[in-house]
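Let's take a walk through this structure together. Have the sequence and the 3D view open as you read.

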Amino acid sequence: MTTRIYIPRETTASSLGAELLVDAIITEAKYRNLPIEIVRNGSRGACFLEPLVEVETAAGRIGYGPVQIEDIAELFDADFLGGGKHKLALGNVENLPWFKHQQRLTFARCGLIAATSVEEYKKLGGFTGLQNALKKDGKAIVQEVLESGLRGRGGAAFPTGIKWRTVMDANAAQKYIVCNADEGDSGTFSDRMIMEGDPLSLIEGMTIAGIAVGATKGFVYLRSEYPLTQTILNEAIVNARAAGYLGNNVLGSGKAFEMEVRMGAGAYICGEETSLLESLEGKRGQIRFKPPLPALKGLFGQPTVVNNVISLATIPVILEKGGKHYANFGRGRSLGTMPFQLGGNIKHGGLVETAFGLTLRQLIEDFGGGTATGKPVRAVQVGGPLGAYFPDSLLDTVCDYEEFAKVGGMLGHGGVVVFDTSVNMAKMARFSMEFCSNESCGKCTPCRIGSVRGVETIDKIVAAKDGKERDKQHIILKDLCETMESASLCAMGGLTPMPVMSAVKHFKGDFQ
Amino acid sequence: MMPAASPARLQEFTLEVATAVVQEFKDQPGALISALHKLQETFGYVDEAAMPMLGKLFNVSRAEVHGVTSFYHDFRRSKPGRYTIRVCQAEACQAMGSEALTASIKQQLGCDFHETTADGNFTLEKVYCLGNCACSPNVMVDKQTYGRVTADSFKKLTTVLAGKVSSSKEGSK
C-alpha cells in the first residue's frame, strides 16, 4: 500500500530545509522498496515544528517534527510510515494543545490539503461559498458579508461589507477587485501562509467579491519578498481556471471573473491602498489624496474594492456557513476570528487563529510558551512597525480592536513581536523613525521630514548631558509626533508616533 | 544542511534582448513594474539604456521611467554579484539578534550593504521583513529564504554557494 507523506511546500518549512527532506525521503523509500506518495501541503502554522512531516496511517495523520535531513534514516528505521515511535513523533498534531485551542475558520484547510489541488479543496468545503453566492444577487451577498461583521484584516478594520456596498452601488463599465498582498509589516505572515497553504480560498473570495460588486477583473498585488508564494498562487490560478472557477463564464453562471498576480518591488508604502493602486498602474508608489475613495475612483480611475488577503480569504467560509455563523465568534464590534502571528523572540512561534477575546498574555504564554531565549518578556509590539510597544503591565489587554485602541495600541494585521529583557527601547523608537524615513513615499512633509527630525531628536535625548536638556528634547519629540500624527496624509507618517511614543511612555528609563 | 541553488544565469545587457523580453507586457495596462522586474531577472539590473525603450513601450516619458525605477528598492542600476544576499533588519529579527548577525555577515563578506564582495560572488542588501518572523533571524539568498540563521550557519552556507560558483564555472568551460 502506498503511504501518503505530507511535506509542506512553504516558505518557513523551506527556510529550515523542507526541500531537502523531499529528496531524501524519496531516495530512502526507494532504497527500502517502500511505496510512498509525497503531498505538498501548506504549513499548519506551527512554525516551531517545521519542517513538520506528517504520515497518513490507519490511526490518522501522525506528525513528526521538526525533521532534519539527518533524521530520515532513523525515522524509516522507527517505521514512521506506520506511525512508529520516535523522539520527533508528535501523534496527531491536531491533538496538541497548540492546535486544539484554536478556532480555525479562515485557516481551516491550511496545511491539511495539497495546496493547489481543486479536488482536495472541494472535499473540505471549498467553492461551496461561491456556489451559494452564484444563487444570490449582489445585494444579498453584500448583506451576508455585512451580517458577518467582518472588518478589514489588513489593519484599518473598516467593515468589508460597507466597502463592497459602495463599489456595488457605483456605476461604471469596469470595476476591479484588488487584493492587497503587500504584507510588509514585520511580525506578520498570515497572508503568505494562506496564499501558500490554501490559495484557492483567496481565489474563491476574490471571485465572490467580483460577482457581488460587478467587477470582472482582479489583481493580487504581491510583495516581491515572497517568490515561492508567487509560484504557488499562480499554479492555483491556473488550476482554478482549468476547473471553470475563473474565466468568462464562472461555473456556467454567465458571469465573468479573471485575475492575475502582479509583483511589488520592495516598497513598504505600497501596502497603503492608494500607493498600491499607483504601483499597480505602473507608477511610483506615492499615496493619493482621499477623497475620492478607491471604492469610487480606484484602479485606473474605476470603482475598486481593495481588500487584504485575509479579509478576502475569509469570504468563502462566510458564504458557505452564513454571515451569522461567522458573527457568532468574537466579541463586541470585533466579530469572527483573527489569525494572530507570534514572532520575534518566542519559543513556539507561528499562526494562531482564534476568536477575538483572548488576552495578549494568553497568546504569548499559553500558545507561545514565552520567549525563545528563556528570559522574561520585556516589550511586545503588536500590529507591525506602526503598532505600539506594550510593557508587561499591559499584556492582559484583550485582543480586540476597541480594547487595543483604549490603551493606545492597535491590533493591525495581528502580528505580535516579542522582545526579551535585552531590548533597548530607545533604540527601537529610533528604528521606527528611521524606518519611516527610509520608507516614506515623500509626498507629505510631516512624514518625509518629520521622521528624519525624529531620528535626530531621539539621538539628542539619548546623548543629553543632563536631565534638563533631555526633558527639553522630549518636549520636542512629543510635539513632532503630534504634528506627524495629525498632519500626515496616510498611516505611515500618522502612525509612526505610536511605537515611538509608546516606547517613551512605558520605557522612559531607556532614553538616557 | 541547507538548500543551495546554483547562481542565476544572467545575460549580458543588449538593447535587442531587453526590447524582446519586455514585449509581453506591451498591452497590459500599468505593467511597467513587471517589465522592470523582467529586465532585472534577465540581466541582474535595469540598464540606463533600456529606459527610452520602456518609455516608448508604455507611452510615458523617460523621466517617468527613471522616477519609477528609482522609487523601488528592488531595482538595481548596476550589475550585482552572482548571488544577492538580503539580511532582514526588521523588528522580529532584531528581537532575535539580527544586529549582531548583520555585523558578522558584513565582517565575513568584507563588505557593507549595497556592496559586492571582492570576488564578485555576493552582493549584500538589507530587507525589511521576509515574512518568516517566527524563525528569526532571516536571510534571503536570491529567491531562497533561510530561517534561524547564525554566524556559523551563514559561514557554511556561503562556503557551499561559493563552491556552486566554482562548479558552474567549470561546467561552462
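**Where the chains meet**

Chain A puts 52 residues into the contact and chain B puts in 38, where two residues are in contact if their C-beta atoms, placed from the backbone, lie within 7 Å. On the chain A side, the residues split into 23 nonpolar, 20 polar and nine charged (Ala, Val, Leu, Ile, Met, Phe, Trp, Tyr, Cys and Pro count as nonpolar, Asp, Glu, Lys and Arg as charged, and the others, Gly among them, as polar).

This is a predicted model: local features need pLDDT of at least 70, side-chain atom pairs count only at pLDDT 80 or more, and totals for chains, interfaces and linings use all residues. Residues are numbered from 1 along each chain as its sequence is written, while chains are lettered from A and ligands numbered from 1 in the order in which they are written.

Now for the inside. The largest nonpolar core has 206 residues (a set of buried Ala, Val, Leu, Ile, Met, Phe, Trp, Tyr and Cys residues joined through C-beta atoms within 7 Å; buried takes 20 or more other C-beta atoms within 10 Å of a residue's own). Among those with the most contacts inside this core are Val178(A) and Val305(A). Leaving aside neighbours within four places in sequence, Val305(A) touches residues including Trp164(A), Val178(A) and Ala209(A).

Finally, look at helices H17 (residues 425-439) and H18 (residues 445-463) of chain A, whose axes come within 7 Å and cross at roughly 160° (axes are lines fitted to C-alpha atoms over the stretch in contact, with angles from 0 to 180 degrees between N-to-C directions; helices are DSSP runs of H or I, at least four residues, numbered from the N terminus). H17(A) and H18(A) are therefore roughly antiparallel, a label for angles over 145 degrees.

Notes. A residue is buried if 20 or more other C-beta atoms lie within 10 Å of its own, exposed if 12 or fewer, and partly exposed in between; C-beta atoms are placed from the backbone. Helices (H or I, at least four residues) and strands (E, at least two) are DSSP runs, numbered from the N terminus. Angles under 35 degrees count as roughly parallel, over 145 as roughly antiparallel, 65 to 115 as roughly perpendicular and the rest as oblique.
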